[in-house]
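Trainee: Before we discuss the arrangement of this model, could we look at the sequence and the structure together?

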Protein chains: 2
Amino acid sequence: MSAQTATWLDGAPTSALPLPDRGLDFGDGLFETLLLCRGAPLYADIHLRRLQRGLQALAFPECLATARQQLEVAANVARDRGWPWAVLRLTVSRGPGPRGYTPPESSQPRIIITATELDRDCSQMSGPASLSLATLRWPLQPALAGLKHLNRLEQVLAAAERRDRGTDEAIMLDQQGQLVSVIAGNLFLVQGKRVLTPALDTCGIAGTRRQLVLEQWAARLGLQAQASTLGLQDLASADEVFFSNSLLGLRPVASFGEHQWHSHPTCQALFDLYRDELP
Amino acid sequence: MSAQTATWLDGAPTSALPLPDRGLDFGDGLFETLLLCRGAPLYADIHLRRLQRGLQALAFPECLATARQQLEVAANVARDRGWPWAVLRLTVSRGPGPRGYTPPESSQPRIIITATELDRDCSQMSGPASLSLATLRWPLQPALAGLKHLNRLEQVLAAAERRDRGTDEAIMLDQQGQLVSVIAGNLFLVQGKRVLTPALDTCGIAGTRRQLVLEQWAARLGLQAQASTLGLQDLASADEVFFSNSLLGLRPVASFGEHQWHSHPTCQALFDLYRDELP
């Protein structure tokens, strides 16, 4: 197993994180999860723009160019090892600091990258997924909404519940009971020629594939994509349901409780566009 | 500086955390901050009971006895080094695991302890503090309310703002605008013979010193202490304001914006009880 993964800290191979580190202490940091196709990171620019928004929101010193550079080093290793598909997690922590919540005035962020070979062919769309409903709801936090930061306990608890229920994924609501996402991805409902996804102004993570559906892919199929306030009743009445994340691309939904969806033409057509963009 | 701090991982001295670790990846863990007086951890049982509640809420395997044992090892080192006062941070991470949010079915938590000498005499009450109002509000999350988990970005961002404003501490509200806490501690308002502190059913951290005020110290002074729903208007009209945390014990508040409090007899009397309990 150890040959199938590799980790770097600030560009150097490593197996450990120096302590103290504010990423561990407070979740004071951000991350991105990139899919590598034969060593090429997919949509790296979109990932890095989201990372940059997060770095600004957390008032980190400028480190995007370094992150990009180290991402390339890791991607090259994945390519040299001949991994057809791999996942690369890029974590930026605020690094060391004195005790207490207050961040140091001049912090020295750390960049931790882990590349792991995947044993599935990511150019094939995954089979339709079963969904449950997560008991735990997203908290309302406009200051952090959309960002992929390291405070992810809600997803961890929802994922443990999902595993116990035996479904492939789970719907997460906000505190008002509106749809937000699945645990590890963004949610889409198809209504006729419209593709709707929950608005993420107050919570949630604004995924890279969500952005591609909204800004590029849906329009190419003549569909109107938009972010909206959506509830469970919209899910129940949707013609088709699917979700997105960086590893799966898009995955159709087969069932949510008693609701079933038997055909997934929109998801399949969007996935075909995605597949055609693979290097 | 290096002689004044020491770190252990699972009971062995260390300077680094093996990767991957879910504490870093997702904030999947808990922590406690204990004050050591001549090597004796204060109110360790109360800290460990809160830790236990957190371990249960996150469905960690049983590891409280190990945490207690390692805490004693670290405390003994602080005592042997002759540190009059020290702070001990005890972090429990869910440890390593495969990629993704879903926790492993049988995780192996890691216990990371850092002991740091303090250069102040913690038996003396700190001078009255200035408060500002944090822009960022606590998110509503009943599933995690009261727990001291590793997802602390809200405190980090509020603390950076407080530093820039130049106050000693800052009031944090919930999303409805009710009082919750200060950034690093619990808040108390004195109204005549009553000591009121915000209820923490939907957010906040239930501090050890808060519990002592509510359950023991206030009653010993003939005061009625209770947790309530409180707003900024209650703060403005309070006879006295103070806050608590494990390092300061209790600290009086001098000002919040235009409001000023010139005497602090209740906070002083409660602090005297606390000081009398020091070993």
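**Domains, sheet and symmetry**

Mentor: In this predicted model, the centres of domain 1 of chain A and domain 2 of chain A, taken over C-alpha atoms, are separated by 25 Å.

Trainee: Which element gives the largest share of the side of domain 1 of chain A that touches domain 2 of chain A?

Mentor: The domain assignment places domain 1 at 2-117 and domain 2 at 129-277 in chain A, and 17 residues of domain 1 are in contact with 10 residues of domain 2 there. On the domain 1 side, the elements that give two or more residues are strand S4 (29-37) and helix H2 (44-57) of chain A. The largest share, seven residues, comes from S4(A).

Trainee: Which strands stand at the edges of the open sheet in chain B?

Mentor: Six strands of chain B form this open sheet with antiparallel pairing, in the order S2-S1-S7-S6-S4-S5. The edge strands each have a single partner strand, so one side of each is left without a neighbour in the sheet; in chain B these are strand S2 (12-13) and strand S5 (40-41).

Trainee: What kind of axis relates the two copies?

Mentor: Chain B can be laid on chain A by a turn of 180° and a shift of 0.0 Å along the axis, with an RMSD of 0.0 Å. The two copies are thus related as by a two-fold rotation axis.

Trainee: What percentage of the contact residues of chain B recur in chain A?

Mentor: The same surface serves both copies. Of the contact residues of chain B, the share that recurs in chain A is 100%.

Notes: Residues are numbered from 1 along each chain as its sequence is written. Chains are lettered from A and ligands numbered from 1 in the order in which they are written. This is a predicted model: local features need pLDDT of at least 70, side-chain atom pairs count only at pLDDT 80 or more; totals for chains, interfaces and linings use all residues. Copies are superposed by least squares on the C-alpha atoms of residues with pLDDT of at least 70 in both. Two residues are in contact if their C-beta atoms, placed from the backbone, lie within 7 Å. Domain bounds come from an automatic or database domain assignment. Helices (H or I, at least four residues) and strands (E, at least two) are DSSP runs, numbered from the N terminus. Two strands pair if DSSP finds at least two bridges between them.
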